[in-house]
There are 2 protein chains.
Amino acid sequence: MVNKTELDGFLNFLQKIQSLSPEAIDSIVGLCSLISIRKNQNLQEIGQKCRTIYFVKEGLARIYYLKDGNEVTEYFAFENDLIIRAESLFTGKPSKKAIQALENTVFIGIPSEALFELFDTKPEIERLFRKIIEQAYVATVLRMEAIQFHAAEERYALLFSEKPNLIQQIPLKHIASYLGITQVSLSRIRASIR
Amino acid sequence: MVNKTELDGFLNFLQKIQSLSPEAIDSIVGLCSLISIRKNQNLQEIGQKCRTIYFVKEGLARIYYLKDGNEVTEYFAFENDLIIRAESLFTGKPSKKAIQALENTVFIGIPSEALFELFDTKPEIERLFRKIIEQAYVATVLRMEAIQFHAAEERYALLFSEKPNLIQQIPLKHIASYLGITQVSLSRIRASIR
DNA sequence: CTTATCCTTTTACAAATGTTAAATAATCAA
DNA sequence: TTGATTATTTAACATTTGTAAAAGGATAAG
């Protein structure tokens, strides 16, 4: 059983999206567990079915997959971000993606099946989750626009303005694949900006 | 009031996602209206707030927006597809995108505010909608992968294998912008395949 | 049928990005 | 600290994609 104060940041995150009754909070708290992963270790491996919803309590993580033997970073999760492999969680298929800690990281994990069962008795939790998905969906649509219609240099500038710390914290090769370009190309862009 | 038999295709579409009670169906039916739009006319203009969820009953439509004065196609909706401008519907901001009929098209429209009010009394409708968003989210994540990590030629081949009719029905310039390339580039790809 | 318009392809050239390999720079572990 | 490993940049060249303009086709209206 996790100490409730350990979950403060997570519960605040949820309450900002949808206010919850004490009973709803308790039933969510009852499902939470803490998982610590050391830097560069995987929380979840490629090929596993995704049955857990994660939240980054402390640290930094990414979702990546392999394309022609190369790692491709799909998503960075910072402190107080959710990290969900939607293509597996919502389809039941094994995920082609892994979750890796980029620093020593503490995750909060919620088993999805148990969470989804709460939907039947507590509509406010289903509503919370619906809103979470809506937000994630909108973010993905906007990211798709950025990838499709901004040149690589614009995308780098945009990422840099949104997350200036990223460049210090994360190997550039991960950022390159996140931007959909090679590391060589990213180096050129960085050189041309200076 | 729309004749219920007019909505058969739509109601089937919904029931496949989440089975609904007769009362839930009736309350959805009560919100539906039919809108006919002639080929090349817009159902919704750029700059309008999106307050309606649409379904293509007959015909063909797209979502597009302007990038540096050029039209960029974000999404094609075929018969029995939903067409939703999520970035506006879920944020309340004016949409940067328009919905255009590519053939003479009949849409079913549902005002989103009235639909969302049904969520309070009919959790099964909220559940239906949650699942719809989940599916749309997964589709968008997969499309993002395709755009980011497949070369243009692969993306064309993939689209062609999924939607062989598209190439006959839709001007190639729309397909080019949907694939994130210029029309000249698409012509080259088509020539190299032959 | 003829003209006008729009769609698609082609050409020539420019710019961006990828590939491979080598050279530096930074980091980690013994 | 030293050596080994990893990360980043640079260089040279190939490939892809973009841009602008022209040409050829298809389509629709008069």
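Student: In this predicted model, which residue stands opposite N42(A) in strand 7 of chain A?

Tutor: Q100(A) does.

Student: And what makes strand 2 of chain A and strand 7 of chain A a pair?

Tutor: Pairing takes at least two bridges found by DSSP. Two bridges join strand 2 to strand 7 (residues 97–101) of chain A, so they count as paired. The two strands run antiparallel.

Student: Which sheet do these strands sit in?

Tutor: An open one of four strands in chain A, in the order 2-7-4-5, with antiparallel pairing. Its twist averages 35 degrees from one strand to the next.

Student: Why are strand 2 (42–44) and strand 5 (70–77) of chain A called edge strands?

Tutor: Each pairs on one side only.

Student: What lies across strand 5 of chain A?

Tutor: Helix 5 (residues 123–149) of chain B, which also lies across strand 4 (61–67) and strand 7 of chain A. The helix runs at about 130 degrees to strand 5 of chain A.

Student: Over in chain B, why is helix 6 called oblique to helix 8?

Tutor: Helix 6 (residues 152–162) and helix 8 (residues 172–179) of chain B pack at about 120 degrees, their axes 10 Å apart. Roughly perpendicular covers 65 to 115, and roughly antiparallel needs over 145, so this angle lands in oblique. The crossing is right-handed.

Student: How do you know what kind of contact that is?

Tutor: R155(B), Y156(B) and L159(B) in helix 6 meet I175(B), Y178(B) and L179(B) in helix 8. Tyr, Leu and Ile count as nonpolar and Arg as charged, so the tally is five nonpolar, no polar and one charged.

Conventions:
Residues are numbered from 1 along each chain as its sequence is written. Chains are lettered from A and ligands numbered from 1 in the order in which they are written. This is a predicted model: local features need pLDDT of at least 70, side-chain atom pairs count only at pLDDT 80 or more; totals for chains, interfaces and linings use all residues. Side-chain values use heavy atoms; hydrogens and water are left out. Axes are lines fitted to C-alpha atoms, for helices over the stretch in contact, and angles run from 0 to 180 degrees between N-to-C directions. Contact means heavy atoms within 4.5 Å. Angles under 35 degrees count as roughly parallel, over 145 as roughly antiparallel, 65 to 115 as roughly perpendicular and the rest as oblique. A crossing is left-handed if the near helix is turned anticlockwise from the far one by less than a right angle, and right-handed if clockwise.
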